[in-house]
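Dear colleague,

Please find below the structure that I am handing over to you. My notes on what was found in it follow directly after.

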Amino acid sequence: PPRQTAPLDFDQRHKLSVNLGLSWFKGEGPKWGRTQPLGDVDVNMLYNIATGTPYTPTNVTDEVTQLNVAQQPTGAQNSRTSPSTQSLDFKISKGIRLNTAKVSAYVWVLNLFDTNNALNVYSGTGSPYTTGFLNTDPGRAVSQALTNAGMDPQQVYRLAKQTPGLFSIPRTIRFGVRTDF
């Protein structure tokens, strides 16, 4: 029997993480008049970039209703790769010492540039944005039925196929307080 080597679903060929941090202890940092406002300040940036993961291209199906559940491969197993991803996270904290305890307030921004990172794609199109179903003959029939009912087929299908697993988190800002004893 013929043998074929194929990458696994989670095979991510390249990933790079760069973490930069800068900290000043109490009494350190530039002076501003008689104070040192950067004393007990931590600044951290984390940049991640990665290539996509493999997927097997298939025929275009209705991903919403699963009318054609058995998707037929149109190429070799895991022969295509999803888009690459990148993100920049930023965190700054300022500490205040109270006797033996230290209280730190922080602002933490995840995905600072609000990058739309596709984590999964529709295997029929290779895109996280469209299944391509409305461009098929059965899709055009559904589209016509929706139009006859007074609905916009693109909008209805876009709402129906929304899933949180397609993209990474949008820009997220967290505020918090931390106590060390």
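Predicted model: local features only at pLDDT ≥ 70, side-chain atom pairs only at ≥ 80, totals over all residues.

Aspartate 40 and arginine 97 form a salt bridge, in which the closest N and O atoms are 3.3 Å apart. This pair links distant parts of the chain: aspartate 40 is in the loop between strand 1 and strand 2, whereas arginine 97 is in strand 5, 57 residues away.

Aspartate 40 has a relative accessible area of 6%, and because the limit for a buried residue is under 20%, aspartate 40 counts as buried. Arginine 97, at 40% relative accessibility, is partly exposed.

Aspartate 40 also meets the side chain of lysine 102 in a salt bridge, at 3.9 Å from N to O. Lysine 102 belongs to strand 6 and aspartate 40 to the loop between strand 1 and strand 2, so this pair ties together parts that are 62 residues apart in sequence. Lysine 102 is buried as well, its relative accessibility being 16%.

How many salt bridges does a search of the whole structure find? The number is 5. Another that I would point out joins aspartate 11 to arginine 13, with the closest N and O atoms 2.7 Å apart. Here aspartate 11 is partly exposed, at 22% relative accessibility, and arginine 13 is exposed, with a relative accessible area of 59%.

The strands that surround this topic may be described next. Strand 5, which covers residues 85–98, pairs with strand 2 in the antiparallel sense over 10 bridges. Within this pairing, valine 41 has lysine 94 of strand 5 as its bridge partner. Strand 5 also pairs with strand 6, residues 101–110, again in the antiparallel sense, over 9 bridges. There, isoleucine 92 stands opposite valine 107 of strand 6. Strand 5 and strand 6 form a hairpin with 2 residues between them, and asparagine 99 in the turn has a positive phi of about 55°.

Strand 1 (15–24) and strand 2 (41–50) are the elements that give two or more residues to the patch. Strand 1 gives the most, with 3 residues, and leucine 20 is found in this strand.

A separate position to look at is proline 170, placed in the loop between helix 2 (153–160) and strand 7 (172–180). Apart from its neighbours within four places in sequence, proline 170 is in contact with Leu110, Asn111 and Asp114. Serine 84 and proline 170 are 86 residues apart in sequence, and their C-alpha atoms are 16 Å apart in space.

Finally, a word on confidence. The average pLDDT of the protein is 88, and 94% of the residues score at least 70. Confidence is highest in strand 2, at 97, and lowest in helix 2, where the mean is 84.

With kind regards

Notes. Residues numbered from 1 in each chain as written. Heavy atoms only, no water. Helix = DSSP H or I, 4+ residues; strand = E, 2+ residues; numbered from the N terminus. Contact = heavy atoms within 4.5 Å. pLDDT = per-residue confidence, 0-100. Pairing = 2+ DSSP bridges. Salt bridge = Lys/Arg side-chain N within 4 Å of Asp/Glu carboxyl O. Buried < 20%, exposed > 50% of the residue type's maximum accessible area, 1.4 Å probe, protein only.
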